[in-house]
Amino acid sequence: MLKVITKLSILFTAIFLMFFSTISMATHIKAGEITASSEPNNPFKYNFTLALYVDSAASPNVLNNVSPAALAFGDGSTQQVNAVPVNLFSQRNIGNSTLKYVFKFSHTYASSGSFTVTFIDFNRNAGILNMNNSVNTSFFLNTSITINPFIGLNNPPIFTIPPIDIANANTIYLHNAGVTDIDGDSLAYKLTVPKMGSDVNTGISVDGYLDPNSPNICSSFSCSNACPVTNFSIDAKTGTITWDYPLFCPNTANLYNIAFVVEEWRNGILLSATVRDMQIRVANFNNKPPKIAPLKPRCAVVGQLLRDTIYASDEDNNRINIFATGGTFEAPNPKSAFNYIPLQLPVAKGFYSWTPECVHVRNQVYTNYYRALDITAAARPLADIKTNTIKVVAPSPRNLKASTLANGVQLKWEPYSCSNGDSILVWRKSNCSPIVIDTCSPKNPFGYTLLASLPITTTSYFDSQAKSGNIYSYRVSAKFSSNLELGVSLSLPSKDTCVIIPLVAPIILNVSVRNTSLTNGSIFLRWKAPTDFDKNIFKPTYGFKVLRKDSVSSSYILINTKNTITDTTYIDSLINTQSQSQTYKVLLTYNNGISGDTSQDASSVFTKATGIGLGIKLEWTSNVPWQYDGFKQYIYREINGNFTLIDSILSNGNSFSTYSDTGKYMNKSLECGKIYRYKIRTQGSYSNPKITRPLLNFSQIASAPAGGLQKPKLTLFNNECPSNEGKNLPNILSWTLNLGKKAICSKALNYQIYFAERKGETLKAIATASDSFYVHNRVDFLPDSSFSVAGCYMVEALGSTTNERFYSDTICTDNCPKYELPNLFTPNQDGINDFMVPLKPLRHTQSAEIDIVNRWGNVVFSQKGSPFIRWDASNVPEGIYYYSLNLKTKRLNPNDESKTIKGWIQILR
């Protein structure tokens, strides 16, 4: 099939060039590019613009002899249209004898895919130094586009600054094409070689091309001056071309042609690549270009006027014009404005203004380009160009208010002003300290926790998790996420609103373990009586009910009743504090025993001690309504019968903390196998300053022998995508204990290996090992002749005592199914490519179901079951058909096993 396609391509090229030779504009092309835009209501329809810049001096009658131009659309079709000439520089008066022709094309593609759109014509203008025989060299352009309905509509980049420019041999030359992308996709730039027409798909490099900074240009044209060492480059991010210093050869036209590619990316996918072929004329005169003052990135808030002044000066005191183009000038209406007084001397000013609206909000910045051009009778004008970026920020939601209710906080705000937002985000933090908002790049408010994401039309939210005794700050913001997957942008957050949660219910202050025992433990419980409840509803007399549940129970039991509101302590005795944590809540009672509002749950601090290779690891946790953030937590170890403070750590605000005792206290190492006892004292507080702080609570006593094994570090070597398909390749496990030189006890008797074929399944022991590796040979043979490698593994290290059991993390590996169908086959019964079958190799596929339909949606072929699809297309004519393929693969996660692929197949006979 490849040989057939190659012959067709050569034949088409020959016809294409013959066709163009009859319709050639008979003019000398200097520069050009092909740009594209998609139809909003049809992702398969594209409008193309071919821009050609022609040397009118070489063709005096060009205005009266404009011939059509044609594009090849990359799918085997072409279109020919007429052009309207535009005198590009009539208002800029640089006498460059250049005419711009614009050709408009429209084409609808039959399917998704990648297509390269091309143009070929004869010929280039004469005198180009960095290629051979330019006047007899054809001019070739190409732009590639990707049509993929799953990534949405796409409008490839457009160029706002012409590709005809003048450089001075005595100065640094700068140029920028002023490329903008109205979708906000990422752009990348790179140099390429100008092309001439030979192959309609790609073209070939022009003959004898040299980079503009090549010293061979001087030797080729016998320049009188030695070639200076120059730099010629393009900035990959901004697209600015730098040439210092341009080469000037006397007695030549001093024309140079260069080409560069503008790549357009979205979420790591290359959407388009546009080639611009441009021409630079080098002059040699006593003039220096103007200079634009440095520009800073700016931000604009929706609905607020942004003003900026652009300054340019000229060392030679020439008059200056300033031009502006780029992103905000091409954005949806209202567009930005730029005003300047022509021919200012010697310092020019340009005034930029823009009031963006909601439609302009996006994650990407807008890039504007400013070009200062000096005007002098003694020399040709020179230019300076600079870029700056503008980030459009959505406005903040307005008029956020909060009111406290008995069971939470009610938030309300005005309807959000930008209906194109994706959602409203609700944020909360403890206390009401001020924060600094980055106006140009709003992010998650520092210190705030996201509570909810709501529809953009939402105007209220009820926070049922607000805890009594605290002060909270709330904010709301809007999120803008493009359906084109161009990233997420957050609005400015609203002004904060602060609330103090009333004390309408008891507030627990202490849950501190006094005695550690399985049956005779005790806990000190203390709370604060409510002060803000409605006494008109809750009548006296008042009291409390104390309830408790342990860590294995699901329901509370009543353990104490108090008939006075002044008694707010209780010692809970004869309970298990050694192996379980205990959780409490306190109810206000009124009217002689009726239950009222309830406190938040609060648990005792539970500590776990484990021997490790370097000593003993402590882990403690609790579930309490107060905050630990900013407080130290203290570690006590029993020494000579007394619990002694050996260290402290600063809490990170979480309810879970860890600490390893490696013998740093008094520089006295722990003894291997000796049992050590610990307890933790935690500190915390409510954010309401009227409540006692800090709140101090002890954990139970936890003990463990020092030393032992460490958690094995497991590594899995496997062959997820083996190159030698079909062989049963094993999963190889290896692990280390990372004991180090200071390990107290380092021996392991043996290891137990656990395995589960699917994620979420129970790991089961499959083998033991005395060494630190294991080879797991799999026998899961699949219908496509591949072997499954999917599964999860864990290793248990078994030490010399019952305490020494350490488990590695569970690590998993997955299959990587591979199943591809061709997009073309030739059922002409020549024994070659007569059937549509999957491309080899297949991998990790259990079954396949396929339906193939024609352009009218009628099913022409179906097959279910075997992954080996086979279609001879005997019942249909040649053309393009569309398929829906449902695959059942073998994966680690069963939810990933079903996959639907949609595509097209072309039949050629």
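**Close-up views of salt bridges in a predicted model**

**View 1. R891 and D814 meet in a salt bridge.** The side chains of R891 and D814 form a salt bridge, with 2.8 Å from N to O. This pair links distant parts of the chain, 77 residues apart. R891 sits in the loop between β65 (879-889) and β66 (898-907), while D814 sits in the loop between β59 (811-813) and β60 (818-820). Are these two residues buried or exposed? Both R891 and D814 are buried. As you look around, please keep in mind that this is a predicted model.

**View 2. R677 and E638 join two strands.** Here the side chains of R677 and E638 come together in a salt bridge, at 2.8 Å from N to O. R677 belongs to strand β49 (residues 675-684) and E638 to strand β46 (residues 632-639), so this pair ties together parts that lie 39 residues apart in sequence. R677 is partly exposed, its relative accessible area being 35%. E638 is partly exposed too, at 26% relative accessibility.

**View 3. K479 and D422 tie a strand to a loop.** In this view, K479 forms a salt bridge with D422, and the closest N and O atoms are 3.8 Å apart. Why does this pair tie together parts that are 57 residues apart in sequence? The reason is that K479 lies in strand β33 (residues 471-481), whereas D422 lies in the loop between β29 (408-412) and β30 (423-430). K479 counts as partly exposed, because its relative accessibility is 22% and buried means under 20%. D422 is also partly exposed, with a relative accessible area of 36%.

**View 4. D183, D185 and R266 form a network.** Which residues are linked in a network of salt bridges? They are D183, D185 and R266.

**View 5. The whole chain puts the close-ups in context.** Stepping back, the count comes to 18 salt bridges. The secondary structure of the chain consists of 3 helices and 66 strands. Of its 909 residues, 50% count as buried.

Note on methods:
Residues are numbered from 1 along each chain as its sequence is written. This is a predicted model: local features need pLDDT of at least 70, side-chain atom pairs count only at pLDDT 80 or more; totals for chains, interfaces and linings use all residues. Side-chain values use heavy atoms; hydrogens and water are left out. A salt bridge is a side-chain nitrogen of Lys or Arg within 4 Å of a carboxyl oxygen of Asp or Glu. Helices (H or I, at least four residues) and strands (E, at least two) are DSSP runs, numbered from the N terminus. Buried means under 20% relative accessible area, exposed over 50%, partly exposed in between (1.4 Å probe, protein chains only).
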